[in-house]
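Morning, everyone. Please bring up the model on your screens, and keep the sequence beside it.

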Amino acid sequence: MSEVILQASHINKSFHDPVTIPVLNDVSMSVNKGEFVSVVGRSGCGKSTLLYVLSTMDTDYEGQLWIDQQLVTNQKEKQLARIRNEKIGFVFQFHYLLNEFSVLRNVMLPGLKLNRYSEQETEHRAMERLKMLHIDELALKNANQLSGGQKQRVAIARALINDPAIIMGDEPTGNLDKKNGQLVFDIFRELSLQYQQTLLIVTHDPEFAGNTNRIIEMEDGRIIRQ
Ligand SMILES: Nc1ncnc2c1ncn2[C@@H]1O[C@H](COP(=O)(O)OP(=O)(O)OP(=O)(O)O)[C@@H](O)[C@H]1O
């Protein structure tokens, strides 16, 4: 049987602004190890809100959530911060690299924070991941010397530094031209096929979604197809 990496059960969420707006409506879903899953749906249907809940950044919801077989609902923030750093790699629309640091240092940072390996070992692991993504020649450049596509590939290397159970992305190709968007897609596919990396990516790009293993389609806060 496939190993379940992420499971959400009957997630409900509303914003109170000041009237109550229901945004997630009885969302249940799971993602298996090695699956490359996309989340699609019209603007405002709740994709980002769902991703924030699934990534444990938003804890204000009803329902239950497991990551890598561990129930994370109702855990304290300190524990959640550790789970996020250890189990989840994030790739956003904007790369959030620290411009004053080298590419290598940027990739190392979540590893140094986790403190599982020595600094030397973390550097070695960061170089391995830059090689995996074919960008090791950028290691000593400063982040602000890179193109948008290169920055996003560095952000993916950074997301991989702690061997996350799952990579979550919110529009990771949304800010890239077609060629660089394709490059980022190809990296995700290679990670999924070659390294059994589990991926859950919110996207507006039908071509991107159409080439993933499974599409989760949302409408008005519900999953209408998966
Ligand atoms: N902090 C907030 N307070 C109140 N309402 C919010 C808040 N964040 C999001 N919403 C509302 O929740 C709904 C879902 O928003 P969300 O950002 O999850 O949609 P989305 O599908 O990711 O949209 P997009 O594709 O445009 O990014 C929208 O109606 C939005 O206006």
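A definition to begin: helices (H or I, at least four residues) and strands (E, at least two) are DSSP runs, numbered from the N terminus. With that in hand, find E128, which sits in helix α4.

Some ground rules. This is a predicted model, where local features need pLDDT of at least 70, side-chain atom pairs count only at pLDDT 80 or more, and totals for chains, interfaces and linings use all residues. Residues are numbered from 1 along each chain as its sequence is written.

Now the overall view. How many helices and strands does the chain have? There are 7 helices and 10 strands. The C-alpha atoms fill a box of roughly 50 × 45 × 40 Å along the principal axes. The radius of gyration of the chain is 17 Å, which agrees with the value near 17 Å for a compact globule of 226 residues. That radius is taken over C-alpha atoms, and the globule rule is 2.2 Å times the number of residues to the power 0.38.

Next, burial. We call a residue buried if 20 or more other C-beta atoms lie within 10 Å of its own, exposed if 12 or fewer, and partly exposed in between; C-beta atoms are placed from the backbone. Of the 226 residues, 42% count as buried.

And contacts. Two residues are in contact if their C-beta atoms, placed from the backbone, lie within 7 Å. Take the contacts with a separation of 6 or more: residues 24 or more positions apart account for 70% of them.

Back to α4. Helix α4 covers residues 119–132, 14 residues in total. From first C-alpha to last, α4 reaches 20 Å, close to the 20 Å expected at 1.5 Å a residue. The expected span is 1.5 Å times one less than the number of residues.

Which residues of α4 are buried? They are T122, A126, R129 and L130. These residues lie on the same side of α4, because they cover an arc of only 100 degrees around the axis. The arc is that of the directions from the helix axis to the C-beta atoms. Remember the general rule: an α-helix has 3.6 residues a turn, so residues three or four places apart point the same way.

The face away from the buried side carries the exposed residues Q120, E121 and H124. E128 is partly exposed, because 14 C-beta neighbours lie inside 10 Å. E128 and I161 are 33 residues apart along the chain, and their C-alpha atoms are separated by 9.2 Å.

What do the buried residues of α4 pack against? They pack against α3 (103–114) and α5 (148–159). Now look from the α3 side. Its buried residues include V103, V107 and M108. The buried residues of α3 pack against α2 (77–87), α4 and α5.

Now some backbone details. Most residues other than glycine have a negative phi, and most peptide bonds are trans. Watch for the departures. N115 is not a glycine, yet has a positive phi of about 65 degrees. N115 is exposed, because 10 other C-beta atoms lie within 10 Å. Just after α4, H134 takes a positive phi of about 60 degrees. H10, in strand β1, has a positive phi near 50 degrees. The peptide bond from D17 to P18 is cis, with omega near -15 degrees. P18 is in the loop between β1 (4–16) and β2.

That takes us to P22, in strand β2 (residues 20–32). Is P22 buried or exposed? P22 counts as exposed, because 12 C-beta neighbours lie inside 10 Å. Beyond its neighbours within four places in sequence, P22 is in contact with S14 and G221. P22 and D220 are 198 residues apart in sequence, but 8.9 Å apart in space, C-alpha to C-alpha.

A residue is near a molecule if its C-beta atom, placed from the backbone, lies within 6 Å of it. The residues around the ligand include F15, D17, I21, G46 and K47. β2 and α1 (47–54) are the elements that give two or more residues to this shell. α1 gives the most, with 3 residues. The shell divides into 4 nonpolar, 6 polar and 2 charged residues. Ala, Val, Leu, Ile, Met, Phe, Trp, Tyr, Cys and Pro count as nonpolar, Asp, Glu, Lys and Arg as charged, and the others, Gly among them, as polar.
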